Structures are given as structure tokens and as C-alpha cells.
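Me: I'm new to reading protein structures. Could you take one part of this one and walk me through it slowly, with how the pieces sit against each other?

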Amino acid sequence: MLFKTFAKEELKILFEIIAAHNRVVGPVEKARDRNNKPIYAFEDVHEFHDIQLNYTTTKLPAKRFFLPFKEDLSTFKIEDDKWQKSIDYNIDRPVVFWGLHACDINALNKLDKVLLHSVYPMPYYAAKRKNMFIIGIDCEPQPFCFCRSMGADTALHGFDLFITDLGEKYFVEILTDTAFNFLRELKTADALEEDHILYMKKVDEKKKQFTARIDTTDLTKILDMEFQSEVWHQWGDKCLSCGSCSNVCPTCYCYGVEETVNIDLKGARKTKMLYSCNVIDFAEVAGGHNFRPLRHNRLKYRYYHKHRGFVEAFEESLCVGCGRCGETCLAGITVSEVIASVKTGSKE
Amino acid sequence: MKTNGADDKTYLGIPLYRPRVAFFEFTSCEGCQLQILNNEGTLLDFLSLVEVVAFREAMTEKSDDYEIAFIEGSITRDDEVERLKKIRKKAKVLVALGSCACFGGVNQLKNRFHDLIAVNKMVYGEHPVNSGLVRPLCDIVKVDMQIFGCPVKKEEVEKIVINLALGKSIVLPKYPVCMECKANENICLFEQGEPCLGPITRAGCDSWCPNNKAGCWGCRGPADDANVEQMKKVMKDLGFSDETIMDRLECFGGFQTDEKNGQR
Ligand code: SF4
Ligand code: SF4
Ligand code: SF4
Ligand code: SF4
Ligand code: SF4
């Protein structure tokens, strides 16, 4: 990894260089909530000043740009008794992600393990993932952030460039040639000992700000032991089975597929739709049998996939601790409380 | 009402069997039927998939020879009961079209009043009409399929009719509106202090109301396994009054309590 620094005003120049020829997606303020707090979202940006560099966690992750909620996997043209299939990976040009936090970069790294580096990579994801340029940015932990507990508070790979605000200037980590070449057009300096010290200080300060945490010690074992625990019923009674937790989760990738015929019968399509293991028919199979008709079981398996099954397969959990699921859940179900309750055997 | 060439319409070279369908309305605003008619872009294609033999809102000639009956509206009078039973005898498949037919719809709100005669007088004054308790179709006859919504979503009806014509299975969403709302990337209305029944209401409308910044009123009735009690609690904890919550839950009749069902 290469380290550099540059003066703050250089960042706008970098944006202009990159945005001149590329599609840029970054955090913008989308609206205000009932307490007049900004609601952030990842959107296409055309002006540097629209990017909210100090944004706090977006409600929805950047997932829709690489795992769209709805995506046609194939379309069919039908003529008499003949049909022709076409496949489009639904990406027409690279996307520059401007300002992803460490958790969201780590979420991509986790998705890669399943969708890119597995036996059957998913080309729809791969095509988009391979055409990304990612600029990471440092963040301030919010009361719901527990990324540190998940080892996701810092990103070691999965980005091109990561910038950290050191007050007077930015500290930059460079991972790729592309990033290096862009930076050649700016006035940069090599990072000196004093910059390293400032950076480490910043990291230390961040560490101290975390209030939410989960204890992952022996978690896979504990989950195995507590499979029949009463707490699952308690959380299940609360859950609305609305699926929002998965929809806002940067690492959930489950989907359903539907085939539809156009009304003129001259075309058809196969559409993928992101799904959630908390919704009623997630485990319903052909013939109508539902393996998980009970709400508490569905909720339990969401936790088992994230914190047990995935750990067994990949030696890390399928959760980056971004806290979005707990924030969105109207029933107030949060990862930290659920995990804590499994350990103590009581919801309270 | 046949369109040219409709008789030899094929799908993948196989001739299409066009079921004979009839549309009927009972106590309703006819908005659901209008939904079906109101997209000229696909109407002709729609009509070439089925053979419409009766559709008062769209045609004058009609026939009694049909296989599928789409029925809009709730049942409020004795003569409606008789008419519905006759249709049931003729139809192979009876479809409840829209929330009035499925669970009474907005009309059933009047069932809240104990004295329906006084209500009749209040509404119609000196010219009372014969109109009693509001009942969904399934109270009187066997219903084979329900298409929810007030009004129904045209795209959903089209999909159902395509699948009927092609002999494919028809599956309505079992999950709630929130799934569609999140996919549409809406800001949750609760964030902005508005109530919404999206977490417990059956999807299929593509989160029509939240897309337009209005909370869901539950017009499509409960999703499978809807956690209504918890939803009431969530709304109460967020500061909404019992009245606000009940107004929403009772509006279309989909969330009728068992107590109420007993009353019918
Ligand atoms: S968001 Fe909350 S209520 Fe909805 S499915 Fe997830 S845990 Fe259940
Ligand atoms: S499970 Fe929750 S906290 Fe973990 S990555 Fe998903 S949304 Fe974030
Ligand atoms: S099983 Fe559930 S928790 Fe796991 S990725 Fe799928 S939706 Fe997310
Ligand atoms: S606005 Fe309504 S439908 Fe949308 S996420 Fe919020 S509760 Fe669900
Ligand atoms: S959002 Fe709710 S009230 Fe609106 S159309 Fe859909 S189900 Fe009906």
C-alpha cells in the first residue's frame, strides 16, 4: 500500500478529473426526517458540492448498484414456435463510488466470497463488481455502529483509494494503479512520519467513540448451544416479517426468480428480486411445503446464516456491523440486543 | 368485441385457448373494472387473451355463457345474493375482483354502526334504498381466486389473466408492502412521522401509496402471517392514537377482527 497526503482543495480537482469521463455515485442528502436530521442516500452525483463527505450511514446501502433489488436475468423474443434468449448483465459503463465507509467496503469483500470467488460466480454481480472504482472515506461511529466488533471498522482491501481527514489535509491510501494514475494529476506529497502519527491518532479517537458492540467470542458455539432458546420465540413475537432488515443490509444477497410472459405473448422475461429470509414464503418450495412457517424460526435462521453458517464456510461472519437493520426495524430488533439475549438467555 | 386474428392466437406455436370471461359488478364504485379498461396501450392485447362475453362498463351485447366470472363489489341486498348465487352456478372459476368483493371494502365501514336503518335514513333521507349489512362474496358463495386492491392494480390483473390463458400457476405475493417499498428505495414514512400499514399489508401494488409519500391504508388486506398485534404496538409506541390505528385497520375490511366476522 502507498500512502500520500494532499491539501483539502485538491479533492474537488480529483472529482472534476474523474467525473469528466465517468459515472460517479456518492452520498447525498435525500430528505430530512421528522427530527430534521438529514437522510442520506447513494445517488448519481454531477457536482462536487452535492457530495456529503461527512455523511452518516445511508438508510439503504450502495447495494442496488451491484445487486439491484430487481434485475432481468434474461429476456426472450418469441415468434411463432421459435424463441430467442438474450442476456444482459445490466452495466453499460464503470461506476465510481465516491466515499464508501469501511463497513460498506467490507460488505463488498464479503459478497465477493459468495458471488465472485465461489464455484459458481454470479456474472451479473461480477460484471458490475469488476467495473468499479472505489474511493473510501473515514467516518464517525454512530450510536448503532458496531463494525468494530465485526472487524469491519477498517478496510484493508476492496477499494482503490481511501481518504482520511487529518484536519488540514487528507491522508490517502492507494491500492491500485488506476488510483495512482489519477493522483498523478494532483499536487500530492509523500506521507511523512508526522502524517502517520496523525493518522494513528485519528484511528484511536474513532475507536473510543463506539458505544454499540457485540461479543463474538465463541459465538458459533453459543448459537449451536442455544438453538432451542426461548429468546428466539420472544424476538419472533416482535418481528413483523417485513423483510426490511435484509433489504437494507449491505451483505444480504438472497433472491427469488420469477418468469413472466408479456401481454402480447411476443416476449418473456426472467426477473430476479432480492428476498429476505424473514418473509413468510422464503423457504416455501414447489408443491407448497414451507420449511419455515414460523416467524421465530425465520428470524433465528437469519442470525444463524450471518453469525454461524457463514463463519463456518468463510471464517468470518456475514455482518459488517453497519447497524442499518436495527435502525430500519420498526419492531426495534437490533443485532447487538439479539446476540446479547442469546448469551444471557433473556431478552431483557 | 373480438379482435382480429384473436382466434388463431398462439403461444410458442401452440394455439391459445381463450377462456370466456364475464365481468359483473355489485355494490362498488366500478373503479376496479375501470382500472382494467384504462390502459389503452395493452387493452387490445388483454382482450385477445380472453373472450369477453359480458362487461357492462365496456360493451352492450352480452352472453350468459362464460367460464370465468370476475366479480367486483360487495353484497348488500337480497337480490344481490340471488344474482351472485346464479353466477356461481354458471362460472367454473369465480374471481373476487378488488377489495369490496374480497372483504367488503370501504363499504363495510357502515357495518360499524349498530342501527343500519338509521344510517340508511341519514344517507338517503326521504328516499331510502334497500341496502343492509355489507358482506364479501365469500360470505355467500365459494370464491376461487381473490384479486386484492382498492382499486386493483392493472399490472397485477394482466399478469393473472396472462397466466390463466397460458395455464400457468397464479401466485400472489405473500409478503408485505414493505418489500416493494424498500425495493423502490422510498424513505420510510415512519421516519417522517407518518403512519403506514406496509409491514402487515399484502404486497402486489408495488407500494403504490408510499411511492407517492402516503402511508399504506391496508387496502389489500393482511399479508400471509401478518403480525397485526405487534404492528398495533409499534404504532402505539411511536405515538399514534388508537383511533388513528383502528381507522387504518378498519378502512377496507381486510383486517376484520374475529369478533366482527362473528357479527356478519
Ligand atoms: S426489519 Fe425487523 S420486523 Fe422486519 S423482518 Fe426484520 S427483524 Fe422483523
Ligand atoms: S446484519 Fe445488520 S448490521 Fe449486519 S451488515 Fe446487515 S444491516 Fe449491517
Ligand atoms: S439467508 Fe437471510 S441473512 Fe442470509 S443472506 Fe439471505 S436474506 Fe440475508
Ligand atoms: S413506508 Fe410503509 S411500506 Fe415503506 S418501508 Fe415504511 S412501513 Fe414499510
Ligand atoms: S400501499 Fe396499501 S393502501 Fe396503497 S394501494 Fe398498496 S395496499 Fe393499497
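Reply: Let's start with two helices of chain B, α9(B) and α10(B), which lie oblique to each other. This is a predicted model, so everything here is computed from it. Helix α9 covers residues 228–237 and helix α10 covers residues 242–250, and their axes come within 9 Å and cross at roughly 140°. Oblique is the word because an angle has to be over 145 degrees to count as roughly antiparallel. As for handedness, α9(B) passes α10(B) in a right-handed crossing.

So who does the touching? On the α9(B) side you'll find Val228(B), Lys232(B), Met235(B) and Lys236(B), while α10(B) brings Asp242(B), Ile245(B), Met246(B) and Leu249(B). Sort the contact by class and you get five nonpolar residues, three charged ones and no polar ones.

For another kind of contact, hop over to chain A and look at the rings of Phe66(A) and Phe97(A). Their centres are 6.2 Å apart and their planes sit at 65°, so this pair is edge-to-face. Phe66(A) is in the loop between β3 (38–44) and β4 (70–79), whereas Phe97(A) is in strand β6 (residues 95–100); the two are 31 residues apart, so to speak linking distant parts of the chain. Over all chains, the structure holds 27 aromatic pairs.

Methods:
Residues numbered from 1 in each chain as written. Chains lettered and ligands numbered in written order. Predicted model: local features only at pLDDT ≥ 70, side-chain atom pairs only at ≥ 80, totals over all residues. Heavy atoms only, no water. Axes fitted to C-alpha atoms, helices over the stretch in contact; angles between N-to-C directions. Helix = DSSP H or I, 4+ residues; strand = E, 2+ residues; numbered from the N terminus. Parallel < 35°, antiparallel > 145°, perpendicular 65-115°, else oblique. Left-handed = near helix turned anticlockwise from the far one by under 90°. Contact = heavy atoms within 4.5 Å. Nonpolar A, V, L, I, M, F, W, Y, C, P; charged D, E, K, R; others polar. Phe/Tyr/Trp six-rings, centres within 6.5 Å; stacked < 30°, edge-to-face > 60°.
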